[in-house]
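Here is a short briefing on one structure.

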Amino acid sequence: MTMERHVSAKAVALYWMLPVICHATTWQDIADLEAHKAATHIHMLQLPSHIRWLTLSNGTRINLYNWKVVVFLSSTCSFCHQYDPMIQEMANRIGISLLSYSLDGKGDHTFPYPLTPTPEVLARFFGQSIPIATPTTFLVNVNTLTTFPLLQGNQSSFLSRLDDVLQVAVKGGLR
């Protein structure tokens, strides 16, 4: 009888502790999931570890985290297949982030998962003065959403054009 009582006391104690043990494990599981989600989110956003500056040809310094290059492409565009790797490499080299949109909803080797632009996005970028064509590249101030056309077609003067457009933006009060 003593043995039964001893086993029963352990069983009762374990029974009463089980919700506490499960509760702690559940909270730890939730914390682990949230930490993983936060880590994945940070990785996907590629948040900067420090401010990245670009010095323009006139000596003006620009904080590149205030700017984003937006590329419009099409999976069937042969110019895009040539242009996209070049623009990706230059953007990586200077440290400016890229966002890609596909006019046909499909990516290419450089940008396998582009966004599909809505009619509002197309109107915002192309308006009535720029023909909708690929590849077309814009510069956007991420704070004001001011948009500047950079290049249209397969042109290799990206860095020179970026310098010119950023100088115009600075004269207009944007940094």
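Four strands make up an open sheet of mixed pairing, ordered β4-β3-β5-β6. This is a predicted model: local features need pLDDT of at least 70, side-chain atom pairs count only at pLDDT 80 or more, and totals for chains, interfaces and linings use all residues. Residues are numbered from 1 along each chain as its sequence is written, and side-chain values use heavy atoms, without hydrogens and water.

**The sheet**
- β4 (97-102) and β6 (147-152) are the edge strands; each has a single partner strand, so one side of each lacks a neighbour in the sheet.
- From one strand to the next, the twist averages 25°.
- Strands (E, at least two residues) and helices (H or I, at least four) are DSSP runs, numbered from the N terminus.
- Two strands pair if DSSP finds at least two bridges between them.
- β5 (residues 136-141) pairs with β6 in the antiparallel sense, over five bridges.
- Threonine 136 sits opposite glutamine 152 in β6.

**Helices on the sheet**
- Helix α3 (residues 119-126) lies across β3 (67-73), β4, β5 and β6, at about 115° to β3.
- Helix α4 (residues 158-171) also packs on the sheet and touches β3, β5 and β6.
- The direction of α4 makes about 160° with that of β6.
- Contact means heavy atoms within 4.5 Å.
- Axes are lines fitted to C-alpha atoms, for helices over the stretch in contact; angles run from 0 to 180 degrees between N-to-C directions.

**Cysteines**
- The whole structure holds zero disulfides (pairs of cysteine sulfur atoms within 2.5 Å).
- Cysteine 77 is buried, at 9% relative accessibility.
- Cysteine 80 is buried too, at 0%.
- Buried means under 20% relative accessible area, exposed over 50%, partly exposed in between (1.4 Å probe, protein chains only).
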